Amino acid sequence: MEITGKVALVTGGARRLGRELALALARAGADIVVNYFRSADDAERTVADIVALGRRAIAVHADVALKSDVDELVRRTAETFGRLDILVNNASTFETAPFLAIQEHEWDRVLAVNLKGPFLLSQAATPLLRRDGGGVIVNIADLSAFQPWPSYAHHSVSKAGLVQLTRVMARALAPDIRVACIAPGVVLPPEDATPEEIRQHRDRTPLRRLGSPDDVARALLFLVESDFLTGETVILDGGRSLL
């Protein structure tokens with residue numbers, strides 16, 4: 001797909017990785033819907049930065065775990081731009097707890113945001129994606145989809161489900177919608193990570209460096225532009241999954 005002139009919706013697009021993905025698509029020529037949940041000020045700043053690049057953008061509040069919010073997000077996209085070509089399911093919650101300490105409501109919330117959200121939004125957006133001849137959905141998982149992290153059971157299960165959902169949707173929505181997934185390693189350390197924790201992450205990576213949001217953004221552009229690719233997950237972790 002040629003990105004110039006297209007419209008992209010990025011969930012969780014106000015800050016951190018989502019912001020960088022939104023900006024990368026804007027630099028490539030797309031107009032952007034920046035979805036946010038709590039980060040209203042960050043979303044407006046991201047919109048302003050996209051407009052400064054010469055593209056159109058709006059910020060739309062929605063909890064992707066709620067169907068009513070998802071439907072309104074798609075409606076606002078159609079109302080403002082009249083089309084949707086690229087959907088990036090990036091919104092995610094990253095929770096940690098020992099397996100036996102995870103509460104039912106914590107399990108439900110993580111699965112709702114990380115797995116049900118992409119399902120609901122992909123389902124709701126499909127008619128709009130198909131309106132102008134088809135589109136692309138890119139899901140953002142992470143390395144926990146492939147490695148058993150005992151203190152992140154709910155997160156790991158949600159991301160593993162997202163990888164399988166990618167494969168299912170690639171078949172269900174073909175041939176007019178392609179679906180792919182990116183599973184990054186450490187590209188943005190947690191905001192409360194200590195220098196020692198960051199060093200440990202780096203030393204556990206065969207390439208001996210952390211990734212960056214730009215690494216993920218370039219993978220996103222590749223997946224959007226690669227018209228013969230669907231159903232695949234790119235593990236972008238500097239080789240950490242090999243260990």
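What is the volume of the largest cavity? About 30 Å³. The model is predicted, and one cavity of 30 Å³ or more is present in the structure.

**Stop 1: the cavity.** Select Thr11, Val64, Asn89, Ala91, Val113, Gly117, Pro118 and Leu121, the residues that line the largest cavity. By class, this lining holds five nonpolar and three polar residues, and no charged ones. Now colour helix α4, residues 104-131. With four residues, α4 gives the most to the lining of the largest cavity.

**Stop 2: from α4 to α3.** The crossing of α3 past α4 is right-handed.

For the contact itself, show side chains. On α3, select Lys67, Val70, Asp71, Leu73, Val74, Thr77 and Ala78. They meet Leu120, Leu121, Ala124, Ala125 and Leu128 on α4. The contact of α3 with α4 comprises nine nonpolar, one polar and two charged residues. Leu121 belongs to this contact and also lines the largest cavity.

Stop 3: Move to the second largest pocket, which has about 170 Å³ of space. Centre the view on Leu210, Gly211, Leu236, Asp237 and Gly238, the closest to the pocket centre of the 14 residues that line it. The lining of this pocket divides into five nonpolar, five polar and four charged residues.

Definitions and conventions
Residues numbered from 1 in each chain as written. Predicted model: local features only at pLDDT ≥ 70, side-chain atom pairs only at ≥ 80, totals over all residues. Heavy atoms only, no water. 1 Å grid on protein atoms, 1.4 Å probe; cavity = no way out; pocket = protein on both sides within 12 Å on 5 of 7 lines; lining within 4 Å. Points joined across faces, edges and corners; volume = space filled by probe spheres on them. Helix = DSSP H or I, 4+ residues; strand = E, 2+ residues; numbered from the N terminus. Nonpolar A, V, L, I, M, F, W, Y, C, P; charged D, E, K, R; others polar. Left-handed = near helix turned anticlockwise from the far one by under 90°. Contact = heavy atoms within 4.5 Å.
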